[in-house]
Amino acid sequence: MEVSIELTFTPLQDRFEEPIITFIKRLRDSKFTILENPLSTQVYGDYDEVMLYLMKEIKVAFGEIDHGLMQMKLVKSNRSNYESDF
């Protein structure tokens with residue numbers, strides 16, 4: 001089953017840029033389709049594979065900060081090729 005996942009990582013601390021950049025770079029190095037915008041990062045791929053990968057990477061990211069928030073939205077389908085028609 002293919003999924004689309006939107007992630008927003010918010011370290012709740014003064015030094016917040018480096019943990020975000022490091023997390024996004026690790027996502028870019030994955031085998032999944034990654035799209036970015038100024039507010040979030042999207043990950044597209046097989047549900048089981050993406051969730052196993054994210055579970056590990058989120059744990060690493062949380063280990064590098066004192067306090068933080070990870071927001072995740074999931075859609076059941078791969079929407080990486082979406083283009084608006086309006």
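Mentor: Let's take confidence, then the aromatic rings, then the surface.

Mentor: This is a predicted model, where local features need pLDDT of at least 70, side-chain atom pairs count only at pLDDT 80 or more, and totals for chains, interfaces and linings use all residues. Residues are numbered from 1 along each chain as its sequence is written, and side-chain values use heavy atoms, with hydrogens and water left out.

Trainee: What's the mean pLDDT of the chain?

Mentor: It is 95, and 100% of the residues reach 70 or more. pLDDT is the predictor's confidence in each residue, from 0 to 100.

Trainee: Where is confidence lowest?

Mentor: In helix α1 (residues 17-28), at a mean of 94. Strand β3 (residues 41-46) is highest, at 98. Helices (H or I, at least four residues) and strands (E, at least two) are DSSP runs, numbered from the N terminus.

Trainee: Rings next. How many aromatic pairs are there?

Mentor: The whole structure has 3. Phe 9 and Phe 62 make a tilted one, 6.2 Å centre to centre with 45° between the planes. Rings of Phe, Tyr and Trp (its six-membered ring) pair if their centres lie within 6.5 Å; planes under 30 degrees apart count as stacked, over 60 as edge-to-face and the rest as tilted.

Trainee: What does that pair tie together?

Mentor: Phe 9 lies in strand β1 (residues 2-11) and Phe 62 in helix α2 (residues 47-63), so the pair links parts 53 residues apart in sequence.

Trainee: Is Phe 9 buried or exposed?

Mentor: Buried, at 8% relative accessibility. Phe 62 is partly exposed, at 34%. Buried means under 20% relative accessible area, exposed over 50%, partly exposed in between (1.4 Å probe, protein chains only).

Trainee: Which residues form the aromatic cluster?

Mentor: Phe 9, Phe 23 and Phe 62.
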